[in-house]
Amino acid sequence: MASTRRGELSRKFREICKGLLASKKRVPLKAFLRQWEKREPAINMKLSTCLQFLKTGRYLNVYEVCEISSGGDPKKYEDALRKKLDKYYDGRLELDKTLMLESTAHYGFARIGGTGPVIYGPFCVILKPTVMTPFATVFAGDSITTVFDKEGKRGIAEKKILERFAVVEDVVKLATQWHEDYVRSSRYGIKIQDLVREAEGKSLMMECHILGPVLLKDVVEIVIQEEPYKNFWSSVHRWEKAGCPISPNTIAFDEADSFVQLVELCEQNGIPLNQI
């Protein structure tokens, strides 16, 4: 599906670049393209998800989680999936079918230097480029919240959906199309921090569809913003001061214990954990 749009996307890319150059935007355009050439696949995770990934060595999508929890029972699987996806149940299945994504696909994003859409979790797990096979695809924005409204109803036509869809090799062309206004509005150049904030936000990120498994051996590094990193360590220090209690009633302390485990597992597996 995405491959059929390659010619059209290339034509649009050339047209945009020509227009930007004519508008004397050579410097910001070159900076934009240069930064996007550094892209790498990544997935944002919550503490519990990231810890589970480090423990088991495999990152699970919602379908895989429900398959395991249902024990192979089709009815329990459907019930679990409906509960997980809630109002987006029908829409998610419909969208995956439109984008030709199987239940083994994993959602990530194209990172260009930041910590990604932290709304999904503060831990940005950076992966090797090899997880994006030649048949992998990308989507401009968060596909679920872009396509469906807050009630779970589809808000845009299939044609508009497919305009945001491309093969991974064309991610720079797609990003240029959807960030054209940002480049055009840059008077002298581009501040990398501003670009990262613009391009890794939920609405205009380049969502990546990783078609195979995501394994621990695929991890390059885990990055986290400075503030949540310090907050986790503050929780750890309070937890240690209290004698390291483990109790269902001490959520903050349980979080501290989980963070300590995460740090230790990163060290054991040789995975850098850095604040940026």
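Gly 57 is buried, with a relative accessible area of 18%; the model in which this value was computed is a predicted one. Because burial is assigned under 20% relative accessible area, Gly 57 falls in that class. Gly 57 is placed in the loop that joins α3 (47-56) to β2 (58-59). Leaving aside residues up to four places away in sequence, Gly 57 touches Gln 52, Val 214, Leu 215 and Leu 216. A further distance concerns Leu 273, which is 216 residues from Gly 57 along the chain: the two C-alpha atoms are separated by 16 Å.

Attention now turns to helix α5. This helix comprises residues 74-85, 12 residues in number, and reaches 16 Å from its first C-alpha to its last, close to the 16 Å expected at 1.5 Å a residue. Within α5, the residues Ala 80, Leu 81 and Leu 85 are buried. Viewed down the axis of α5, the buried residues fall within an arc of 120°, and they therefore line one face of the helix. The packing partners of these buried residues are α4 (62-70) and α6 (89-98). On the face of α5 turned away from the buried side are the exposed residues Lys 75, Lys 76 and Lys 83.

After α5 comes Asp 86, which has a positive phi, near 55°.

The aromatic residues form another part of the picture. A search of the whole structure finds 8 aromatic pairs. Tyr 229 has a relative accessibility of 17% and so counts as buried, whereas Trp 233, at 27%, counts as partly exposed. Ring pairs also link Tyr 229 and Trp 233 with Phe 123, Phe 232 and Phe 259 into a cluster.

A charged side chain is likewise found with an aromatic ring. Arg 164 lies over the face of Trp 178, at 4.1 Å from the ring centre.

Terms used. Residues are numbered from 1 along each chain as its sequence is written. This is a predicted model: local features need pLDDT of at least 70, side-chain atom pairs count only at pLDDT 80 or more; totals for chains, interfaces and linings use all residues. Side-chain values use heavy atoms; hydrogens and water are left out. Helices (H or I, at least four residues) and strands (E, at least two) are DSSP runs, numbered from the N terminus. The expected span of a helix is 1.5 Å times one less than its number of residues. Buried means under 20% relative accessible area, exposed over 50%, partly exposed in between (1.4 Å probe, protein chains only). The arc is that of the directions from the helix axis to the C-beta atoms. Contact means heavy atoms within 4.5 Å. Rings of Phe, Tyr and Trp (its six-membered ring) pair if their centres lie within 6.5 Å; planes under 30 degrees apart count as stacked, over 60 as edge-to-face and the rest as tilted. A charge sits over a ring if NZ of Lys or CZ of Arg is within 6 Å of the ring centre and within 35 degrees of the ring normal.
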